Structures are given as structure tokens and as C-alpha cells.
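Take a look at the chain below. This report walks through its strands, its core, its pocket and its charged pairs.

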Amino acid sequence: MKKIFLLAVVASGLAFGQSKKVVASDVHWWGYKVAKSEASSHDGTVKVKSGDMIMKGNDLVGGSFVLDMTSINATDLTGEYQQKLNGHLKNGDFFEVEKFPTASFKITAVKKNSDKIYNSLVTGNLTVKGKTSPITFPAKIAYSKGVVSLVSDKFAFDRQKFDVAYKSTMQDVFVKDDIEMLVKVTAK
């Protein structure tokens with residue numbers, strides 16, 4: 001009886017994939033004013049709170065990630081200006097982290113990509129401030145010795161789809177709708 005149960009557990013793992021827990025991550029973001037330049041931008045980081053990647057054989061087939069929006073941090077500034085921008089990003093003008101402390105991304109498809117560096121296209125549902133929208137980005141995915149890594153190319157998403165907007169309509173005229181991100185995640 002134990003052998004049958006063990007065989008069933010192994011078979012289900014092969015059929016549905018093997019879950020790998022996220023052990024390291026680096027998520028970087030960029031936001032721009034209307035005139036997109038280094039001088040008119042801010043950038044920073046946000047931490048991955050938890051996540052997993054689902055492998056079927058040597059292929060990534062799914063996964064999900066939870067972002068700790070309370071950790072959003074502008075890294076291009078220091079001191080008082082950094083504190084002001086971080087507070088601004090966390091309050092009702094943008095991410096409302098008291099009401100929405102996390103964001104999430106759930107992988108729905110991974111397809112081969114013809115790019116030599118970014119060998120895959122990852123599609124999933126991004127949820128920010130309770131709003132969900134699909135996004136797709138190119139990524140380099142590697143799997144070796146039980147460790148899977150995903151490194152995205154820089155990609156953009158429209159913050160307006162998630163109600164990440166200044167409450168004053170005039171301010172949105174000066175801030176680009178696109179937020180760019182670069183994601184690096186390792187799981188084992």
C-alpha cells in the first residue's frame with residue numbers, strides 16, 4: 001500500500017510539475033516624467049515577499065510571486081528627498097500600501113522566444129491595487145542542478161491599468177504612464 005501511495009505522489013509531481021521556492025530576487029523599477037531622460041526619472045527596488053516557480057522536466061510552466069509594496073524604495077536619491085519620494089510612492093498618490101501592501105504576478109504561459117539571450121516569453125497576470133491585467137515580457141530562463149533562474153529583459157507596463165495615478169489629473173500629464181521593470185528571480 002505504501003508503494004502505491006509513493007508511486008501516486010511521484011506520478012502527480014511529474015504530471016503537474018515540481019514547485020521550487022524563490023530563494024533570491026532583485027526587482028528594479030524606473031518611472032519617468034514626460035520628457036524621458038536620466039534627469040527626469042527615478043528608479044529603485046521592491047522586494048519579493050514570497051514566490052514559487054513550477055517546473056515540468058527542465059521547463060518553467062508556471063509560478064507566482066508576491067511583491068512587498070511596503071518595501072518600495074527609490075535608490076536614485078538619498079536623505080530627505082529619498083524619504084519624501086518613498087512616502088509619495090507609498091501613499092494614495094500612487095500605490096496606497098496601507099490598503100494594498102502587496103502586489104502579485106501569476107505566470108499563465110511560458111513560450112520559446114527567438115531572441116538568443118532572452119530565450120522565453122513569460123505571460124502572466126499582474127495584480128496591483130486589486131486590479132489585474134495581463135503582461136508579457138522576454139526572459140532568460142535557465143535550469144541546472146535543481147535551481148531555476150529567471151532574468152527578464154527590461155519591460156514596461158501601463159500604471160493607469162492598475163489605478164496607480166496621481167489623484168490630481170494635472171500631475172498625470174507630467175508623469176509617463178509606463179513603469180519599466182527588470183526582474184531577477186532564483187528558486188530551488
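Which residue of strand 2 stands opposite Y32? The residue is S41. Keep in mind that this is a predicted model.

## Strand 1 and its partners

Strand 1 covers residues 18–33, and strand 2 covers residues 41–56. The two run antiparallel and are joined by 10 bridges.

Strand 1 also pairs with strand 9, residues 175–187. This pairing is antiparallel too, again with 10 bridges. Here A24 stands opposite T186 of strand 9. In a regular strand, side chains alternate between the two faces of the sheet.

## The nonpolar core

Nonpolar side chains tend to be buried together in soluble globular proteins. In this model, the largest nonpolar core holds 39 residues. Those with the most contacts inside it are M53, M69, F95, F105, V122, F137 and L150. Strand 3, residues 59–74, gives the largest share of this core, with 6 residues.

Now zoom in on M53. What does M53 touch beyond its sequence neighbours up to four places away? Its contacts include Q18, S19 and K20. L60, G62, G63 and F65 are also among them. So are V148 and L150, along with V185, T186 and A187.

## The largest pocket

A probe the size of a water molecule, rolled over the atoms, shows where empty space is left.

Other elements join in. Strand 1, strand 2, strand 3, helix 2, strand 5 and helix 3 are among those that each supply at least two lining residues.

## Charged pairs

Side chains of opposite charge can pair when their charged atoms come close. How many salt bridges does a search of the whole structure find? It finds 5. Three of them are described here, starting with E80 and K84.

The E80–K84 salt bridge has an N to O distance of 3.0 Å. Both residues sit in helix 2, residues 79–90. They are about one helical turn apart because 4 residues separate them in that helix. Are these side chains buried or exposed? E80 counts as exposed because its relative accessibility is 52%, over the 50% cut-off. K84 is also exposed, at 52%.

## Links across the chain

K129 and E96 form another salt bridge, 2.8 Å from N to O. K129 lies in the loop between strand 5 (120–128) and strand 6 (131–144). E96 lies in the loop between helix 2 and strand 4 (102–112). The pair therefore ties together parts that are 33 residues apart in sequence. K129 is buried because its relative accessible area is 7%, under the 20% cut-off. E96 is partly exposed, at 22%.

K131 and D163 meet in a salt bridge of 3.6 Å, N to O. This pair also links distant parts of the chain, 32 residues apart. K131 is in strand 6, while D163 is in the loop between strand 8 (155–158) and helix 3 (169–174). K131 counts as partly exposed, with 37% relative accessibility. D163 is partly exposed as well, at 39%.

Terms used:
Residues are numbered from 1 along each chain as its sequence is written. This is a predicted model: local features need pLDDT of at least 70, side-chain atom pairs count only at pLDDT 80 or more; totals for chains, interfaces and linings use all residues. Side-chain values use heavy atoms; hydrogens and water are left out. A salt bridge is a side-chain nitrogen of Lys or Arg within 4 Å of a carboxyl oxygen of Asp or Glu. Buried means under 20% relative accessible area, exposed over 50%, partly exposed in between (1.4 Å probe, protein chains only). Two strands pair if DSSP finds at least two bridges between them. A nonpolar core is a set of buried Ala, Val, Leu, Ile, Met, Phe, Trp, Tyr and Cys residues joined through side-chain atoms within 4.5 Å. Contact means heavy atoms within 4.5 Å.
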